[in-house]
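Open the model in your viewer and keep the selection panel at hand.

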Amino acid sequence: MSPLKEEALWAVEATKRLELIAEVDTAVLFHSWNQHKRYLDHLRTAFGQEEALHAVAIKTQPHPAILAQVVQWGFGLEAASMEEVQLAIQAGCSPDRIVFDSPVKTRREIQECNSKYPGIRFNVNSLEELHRLPGSPSFPVGIRINPMVETGAPSVYHVSHNESKFGVPLAEKEAILEAIDHYPVVQLHVHSGSSMANLDSAVAAIRSILDVAQEANMRLENKGVSRRIHSIDIGGGLMPEELTDSPSAMEGYVAALRTSCPDLWDYRIITEFGQWSYFYTGYAISKVEYAVQRGDARVAYVHLGADFLLRDAYVKPRGIEFVPLAEAAHRPLQCTDIAGPLCFAGDYLQKGLDLPRLEEGDDLLMLHTGSNAYALWSRHCSRTIPMVLGVDFATAQITVLSPRTNPFLGTI
Ligand SMILES: Cc1ncc(COP(=O)(O)O)c(C=O)c1O
């Protein structure tokens, strides 16, 4: 049994014993502190660079209590919007440990960074954005480069094709080098895509960005300019993986980087891993409101749907494991569709699963809901965001991180 499942089975029982769950809590979300720490420690150890800034992508899990813990553990945060910068500041992150990557920063936001957040790691998305910067910005400037590689990421998460809206295409290398000559650029950034299946391309992308950094630094030296590209931000993009005693995909990625890009360790490394850091840190339970037979399939109606697991319903199931609890676990298997609570036909979390026959009132545990789920909560049908609990399995503690909250009605 995976450590997350072992924890989840304990936590669900414990919340009942502690009477943390009321009748109105038709669904509850859980965050595993132990698994979260384990993933972040694994990341830090895999890269093995003391000064590396592992800036965890806020967009993947923006819960304020979770961000505060990330900061307390000594990790940075990657912000995709000004609001996420504010969340990072509120979480106690110092500006020099925040990477600001919004692709559409306003002039006002740039001014605000300059006056309020000196040191924030500011990546421009285009060379045009450089013209918007103040003369001597109070923050280090990076350029996001589109490496123009095929990473095998699903098309909606692939950002490195020729017409991508993200970054300056590598084909414009001469313009990039000229910009580095003239603007106070000290960092280069690449994020090739999310859920990348082809890590060789991701490594090749980082190789090409390092080559640009090396060429840029030679040009600066030849011009007698002391400024250098000193940081390389390699983004995120690794698929979630369950950590075991075997070498991890993260370690494999770092080993490939050490082989093809040994000079990466001459720079300050910045990473922005989102879903890899969180996927296996979350779980949820929902009551089965009722179940009906439709032909061969049992359709179980639950209280978490496309409002929570948006990507699973709209793109494709990402590997959520559904576990009927208590006596439901022992019933005969049946072909099952998990239907969410929203009033639209596509609201199924998964179809055609072989699950013990579900009945009204059962508890259904959903494992692996840690990334891009709570973060993407949709207001469709105005349903209430469930209570979020933080679980420390090692010390047997469960705390309420946030109460049930309705996006329109507030706490109810
Ligand atoms: C710039 C940037 N960095 C990091 C991430 C996190 O990616 P992932 O969750 O695939 O690690 C994203 C995701 O969209 C991103 O756009």
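Start with the largest nonpolar core of this predicted model, a set of 108 residues. Select Leu77, Ala88, Ile206, Ile209 and Ile232; these have the most contacts inside the core. Next, select residues 199–222. This is helix α8, and its nine residues are the largest share of the core. Now colour by domain. The core takes at least three residues from domain 1 and at least three from domain 2.

Stay on Ala88. Which residues does Ala88 contact, leaving aside its neighbours within four places in sequence? Select Ile58, Leu67, Leu77, Ala79, Cys93 and Ile98. Two of these names come up elsewhere on the tour: Leu77 is among the core residues with the most contacts, and Leu67 is a buried residue of helix α3.

Move to α3, residues 64–72. Show side chains for Ile66, Leu67, Gln69, Val70 and Val71, which are buried. What covers the buried residues of α3? Among the covering elements are two helices, α2 and α4 (82–90). Strands β1 (27–32), β2 (53–57) and β3 (76–79) also belong to the cover. Then click Gly74, which follows α3. Its phi is positive, near 95°.

One of the covering elements, α2, is the next stop. Select residues 33–47. The helix has 15 residues and reaches 22 Å from its first C-alpha to its last. That is close to the 21 Å expected at 1.5 Å a residue. Which residues of α2 are buried? Pick out Trp33, Gln35, His36, Tyr39, Leu40, Leu43 and Phe47. An α-helix has 3.6 residues a turn, so residues three or four places apart point the same way. Keep that in mind as you look along the helix axis. After α2 comes Gly48, and its phi is also positive, near 60°.

Zoom out to the domains. Domain 1 is made of two segments, 3–32 and 280–403. Domain 2 is 101–273.

Finish with the whole chain. Switch to cartoon and look for 11 helices and 20 strands. The radius of gyration is 23 Å, close to the 22 Å that the globule rule gives for 412 residues, so the protein is as compact as a globular protein of that length. Along the principal axes, the C-alpha atoms fill a box of roughly 75 × 40 × 40 Å. Colour by burial: 44% of the 412 residues count as buried. Residues 24 or more positions apart account for 67% of them.

Key. Residues numbered from 1 in each chain as written. Predicted model: local features only at pLDDT ≥ 70, side-chain atom pairs only at ≥ 80, totals over all residues. Domains from an automatic or database assignment. Helix = DSSP H or I, 4+ residues; strand = E, 2+ residues; numbered from the N terminus. Expected span 1.5 Å × (residues − 1). Buried ≥ 20, exposed ≤ 12 C-beta atoms within 10 Å, placed from the backbone. Rg over C-alpha atoms; globule rule 2.2 N^0.38 Å. Contact = placed C-beta atoms within 7 Å. Core = buried A, V, L, I, M, F, W, Y, C linked by C-beta atoms within 7 Å.
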